[in-house]
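Subject: Structure for you, with notes

Hi,

Here is the structure you wanted to look at. Please open it alongside the notes below.

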Amino acid sequence: MTDRQTRLFAWLFGQPARSFHLSELRRLTGLGSASVQSELNRLTDAGLLVSERVGNLRSFKANADSPIFDELVSLTRKTLGLVPALGDALAPLSPRLQAACVFGSVASHTDTAQSDVDVMLVGKDITLGEVLEQLAPLEQQWGRKINPSMYSPQEFLKRRAEPDSFVNRVLSRPTLALIGDMNGLDDRHRAG
């Protein structure tokens, strides 16, 4: 995959429910007009995108009827989408950040372009300010609010021991690991 395709796929297949105008894709990808237009035409001709003209603007969207739509969305999310970018953004907080995961609509793949991104973090001596500083560029880039739920290892274990806690409700549903393993924290902290 070319750099051009990588930049476009991150948006078009990373947020497949959303339509993008040419000028918006130019701004988001940092690519020139001719490059974006050429690639969008190729992807539309291949049936991977659908194009719609609204007035004098043309919008592009991932083609949900393409036979490889699900695979492209899945691969994009795994390699170029939210999860890798969130993991990269939070990496500077390691090793104090012992585990982090995405939960909610993003983890269950029912999110829309307007959905918030819910993240659970377990770490020692990490402030909300530090976390928000790391996540702010992604909020700006994606135009989506990121909601961190933070716990110290001790608080996390306490909540895990409460059968109907928020932590247990989150972990009983789909999650996407960013750093470490939420379920592995129980054993690691009880043993230590």
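Arg96 is partly exposed, with a relative accessible area of 32%. (Buried means under 20% relative accessible area, exposed over 50%, and partly exposed in between, with a 1.4 Å probe and protein chains only.) The side chain of Arg96 meets that of Glu130 in a salt bridge, 2.7 Å from N to O. The pair links distant parts of the chain: Arg96 sits in the loop between α5 and β4, Glu130 in helix α6 (residues 128-142), 34 residues apart. Glu130 is also partly exposed, at 25%.

Before you read on, some ground rules. This is a predicted model, so local features need pLDDT of at least 70 and side-chain atom pairs count only at pLDDT 80 or more, while totals for chains, interfaces and linings use all residues. Residues are numbered from 1 along each chain as its sequence is written, and side-chain values use heavy atoms, with hydrogens and water left out.

**Salt bridges**

The structure holds eight salt bridges. The term means a side-chain nitrogen of Lys or Arg within 4 Å of a carboxyl oxygen of Asp or Glu. Side chains of opposite charge can pair when their charged atoms come close.

One of the eight joins Glu39 to Arg42, with the closest N and O atoms 2.8 Å apart. Both residues lie in helix α3 (residues 33-45), three residues apart, about one turn of the helix. Glu39 is buried, with a relative accessible area of 1%. Arg42 is partly exposed, at 47%.

Arg159 is partly exposed at 29% relative accessibility. Glu155 is partly exposed at 23%.

**Aromatic pairs**

How many aromatic pairs does a search of the whole structure find? Three. Rings of Phe, Tyr and Trp (its six-membered ring) pair if their centres lie within 6.5 Å; planes under 30 degrees apart count as stacked, over 60 as edge-to-face and the rest as tilted.

One of the pairs is Phe9 with Phe13, which is tilted: 4.8 Å centre to centre, 45° between the planes. Both Phe9 and Phe13 are buried. Trp11 and Phe20 form an edge-to-face pair, 6.4 Å centre to centre and 70° between the planes. Trp11 and Phe20 are buried too.

**The sheet**

An open sheet of four strands runs in the order β6-β5-β4-β7, with mixed pairing. (Two strands pair if DSSP finds at least two bridges between them. Strands are DSSP runs of E, at least two residues, and helices are runs of H or I, at least four, numbered from the N terminus.) The edge strands are β6 (146-151) and β7 (176-179), each pairing on one side only. From one strand to the next, the twist averages 25°.

Strands β4 (residues 97-103) and β5 (residues 117-123) run antiparallel, joined by six bridges. Ala99 has Val122 in β5 as its bridge partner.

Helix α5 (residues 82-90) lies across β4, β5, β6 and β7, at about 25° to β7. (Contact means heavy atoms within 4.5 Å. Axes are lines fitted to C-alpha atoms, for helices over the stretch in contact, and angles run from 0 to 180 degrees between N-to-C directions.)

Best wishes
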